[in-house]
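Student: I would like to go through some of the labels used for this model and ask what each one rests on.

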Amino acid sequence: MAEPLFLAPVFHEKIWGGRNLETAFDYDIPAGKIGECWAISGHEHGPNQIINGEYRGQLLPDVYVEHPELFGNPASPVFPLLTKILDANDSLSVQVHPDDAYAEEHEHELGKTECWYVIHADEGAYLTYGHTAQTKEELASLIHAGKWDQLLGKKPVKAGDFVYVPSGTIHALNKGIMVLETQQSSDTTYRLYDYDRVDQKTGQKRELHIQQSLDTTTVPYHEPNLHVTHEQVGASTVTTFITQPESPYFSVYKWDVHGALERKHSHGPYTLMSVLDGNGTLQAAGQEYQLAKGMHLIIPAPITTWQVCGEMTIIASEPVK
């Protein structure tokens, strides 16, 4: 019998992390500055364990390989998406991610296009996003001269905003922002600038990747033109943030659930779900499951329709078929 796959999150300490994942989601996080919750992951640096049903105790990447029928018999040899919650208690490094071709050649993994749904932003918070250089030569000149204020773009954000970050985009989450991130399953980051800060554990500045950043940054920068849509379904609202053709890797939605909301896979063979607020139930394949803030799960391909009921905010995503 087909069942949803509920997942246990994996946590990562980061120099810029804090303790907000504990207070915001009641997660039992390790000691230290915890910056990332890997919520739905098949990546080797933090694979999730399934915590219910027939595959309880197994790792998501193993089930993905051994039971392809659950995922629509996919072409990708690895689970293609990665869902995280990031707590920027301090600013992340200014960075850029490679596309598939560069990542395959140099890192032997997928490229990294990502997007953010802003869960929380302090008043006045902003992203580092985009740049002013019109040529690769100008980009290199500004980087080597350290003219960061002249080079880097700023984007104010507030809770509820959605930001798309294609590979090749210079970017950083800055202090006071928490996001749910949907991305390709990649852990490759090229640091361009890290504010000259020192890692207290090592006593050293973190490694920079200037040449790789120059290689992979898109010049000139153009902000993506998104076509966000809102659909009223009964008392609930379904927001489509991004799908094809704007995004070649994933579709991302927000479900503001009030009462009962019926759903199905729309642009991909299976659906990833993260409950960001509220609680309720999931009714699927004749069974009912409790949903609560901080839960993450996958609706596999054999479950073609399901219903979520209650008062909840859910971010859902699908891989491109």
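Tutor: Start with helix H4, residues 136-144, where Leu139, Ala140, Leu142 and Ile143 are buried. The model is predicted.

Student: Why are these residues placed on the same side of H4?

Tutor: Because they cover an arc of only 165° around the axis, they lie on the same side of H4. The face turned away from that buried side carries Glu137 and His144, which are exposed.

Student: What covers the buried residues of H4?

Tutor: The cover includes helix H5 (148-151), strand E13 (190-193) and helix H6 (210-216). H4 itself is followed by Gly146, whose phi is positive, near 65°.

Student: Why does Gln95 count as buried?

Tutor: Buried means under 20% relative accessible area. Gln95 has 8% relative accessibility, so Gln95 counts as buried. Gln95 is found in strand E6, residues 94-96.

Student: What makes the pairing of Gln95 and Ser93 a polar contact?

Tutor: The limit is 3.5 Å between N or O atoms, one able to donate a hydrogen and the other to accept it. The side chains of Gln95 and Ser93 are joined at 3.0 Å, as a polar contact. Beyond four places in sequence, the contacts of Gln95 include Thr169, His171, Tyr190 and Leu192.

Student: Which residues have the most contacts inside the largest nonpolar core?

Tutor: They are Leu21, Phe71, Phe79, Ile85 and Ile298, in a core of 36 residues. Strand E3 (residues 34-40) gives the most to this core, with 4 residues. A second, separate core has 20 residues, among them Trp255, Ala284, Leu297 and Val308.

Terms used: Residues are numbered from 1 along each chain as its sequence is written. This is a predicted model: local features need pLDDT of at least 70, side-chain atom pairs count only at pLDDT 80 or more; totals for chains, interfaces and linings use all residues. Side-chain values use heavy atoms; hydrogens and water are left out. Helices (H or I, at least four residues) and strands (E, at least two) are DSSP runs, numbered from the N terminus. Buried means under 20% relative accessible area, exposed over 50%, partly exposed in between (1.4 Å probe, protein chains only). Contact means heavy atoms within 4.5 Å. A nonpolar core is a set of buried Ala, Val, Leu, Ile, Met, Phe, Trp, Tyr and Cys residues joined through side-chain atoms within 4.5 Å. The arc is that of the directions from the helix axis to the C-beta atoms.
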